Amino acid sequence: MPLAGQFVGDGVRLIRPVGRGSHSVVYFAVSKEGTPCAVKIFPLHLAAYADREYENAAPLDHPRLVRVLERTTVQDQPALVVTLARGETLFDRYAARPALTEERRAFLLTLVHLLDALAYLHARGMVHRDIKPENIVAEPDGSAKLVDFDLSGPLHEVLNAPTRMGTAAFQSPEAYRGEPLGPESDLYGVGVLLGWGLHGSVLEPGETPPHSDDPLSHLHIILTRRDPAARPNNALWARAELLALAGLPY
Ligand SMILES: Nc1ncnc2c1ncn2[C@@H]1O[C@H](COP(=O)(O)OP(=O)(O)OP(=O)(O)O)[C@@H](O)[C@H]1O
């Protein structure tokens, strides 16, 4: 049976797909009061992802994070009702143009909002572990929200078996090695995003960035240091540095 038109949870009606990830399909939906929201639907065998995302994210409440409202099911598939992030993903928005030359102010605002979200998460003892353009939804002025907490978890979590968290191009070297991850690993992803904005493409891990006269290239280089111990681990410091280098007021 098609999912569009189905009712889930407390009278939430699915309207149409709005995004797709490797673990789920996400629908635009409307609550019974008429409020737009999103419903993230997982295949049955990934119920543990839905449970983990609900456990990790339900207590979170920050303007730069979507809120996970309810754990439910849709035609027996595990699902989450989530507040809607308006706009388009950074991946869609900047697929064909370097963000920092074409839309500097909007992209800087997006990075500031991302760092606000990470500062909140890190202060609560959590790490996102999957910073990438598909997980950041931005409005035309650059206002952004971070989505997708199914890989998130406690800082420096030791898992039963080494697990490579995240998505290859944005993954820190320690995430690639399957080591426990801290705030500096999320900031590595921010650094890769910044490099993408500067150069219009994602560099290969370890690749020397092309020369750039942009003052922000300094921050790109230090946020993508391969040694996690030599990399900044404070999102608020990175936010202040970003604005100072960009010559913008705090
Ligand atoms: N709350 C939301 N509001 C609007 N769109 C959303 C929302 N959550 C997710 N999306 C869209 O759905 C896509 C997939 O969502 P999400 O990243 O949570 O799925 P996933 O299966 O966990 O993906 P991944 O491959 O990163 O593990 C996102 O890239 C985004 O386009």
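Which residues touch the most other members of the largest nonpolar core? Before I answer, a word on the model: it is a predicted one, in which local features need pLDDT of at least 70 and side-chain atom pairs count only at pLDDT 80 or more, while totals for chains, interfaces and linings use all residues. Residues are numbered from 1 along each chain as its sequence is written.

The residues in question are Val-39, Leu-111, Leu-114 and Val-190, in a core of 66 residues. A nonpolar core here is a set of buried Ala, Val, Leu, Ile, Met, Phe, Trp, Tyr and Cys residues joined through C-beta atoms within 7 Å, and buried means that 20 or more other C-beta atoms, placed from the backbone, lie within 10 Å of the residue's own. Helix H4, residues 104-123, gives the largest share of this core, 9 residues; helices (H or I, at least four residues) and strands (E, at least two) are DSSP runs, numbered from the N terminus. Because domain 1 (7-83) and domain 2 (88-246) both contribute residues, the core lies between them, with the bounds coming from an automatic or database domain assignment. If we set aside neighbours within four places in sequence, Leu-111 is in contact with Val-190, Leu-193, Leu-194 and Leu-242, where contact means C-beta atoms, placed from the backbone, within 7 Å.

Finally, the ligand. A shell of 22 residues surrounds the ligand, the closest being Gly-19, Gly-21, Ser-22, His-23 and Asp-148, and a residue is near a molecule if its C-beta atom, placed from the backbone, lies within 6 Å of it. Strand S2 (12-20) and strand S4 (36-41) each supply at least two residues of this shell, and S2 has the largest share, 3 residues. Domain 1 and domain 2 each provide at least three.

Conventions
A residue is buried if 20 or more other C-beta atoms lie within 10 Å of its own, exposed if 12 or fewer, and partly exposed in between; C-beta atoms are placed from the backbone. Two residues are in contact if their C-beta atoms, placed from the backbone, lie within 7 Å.
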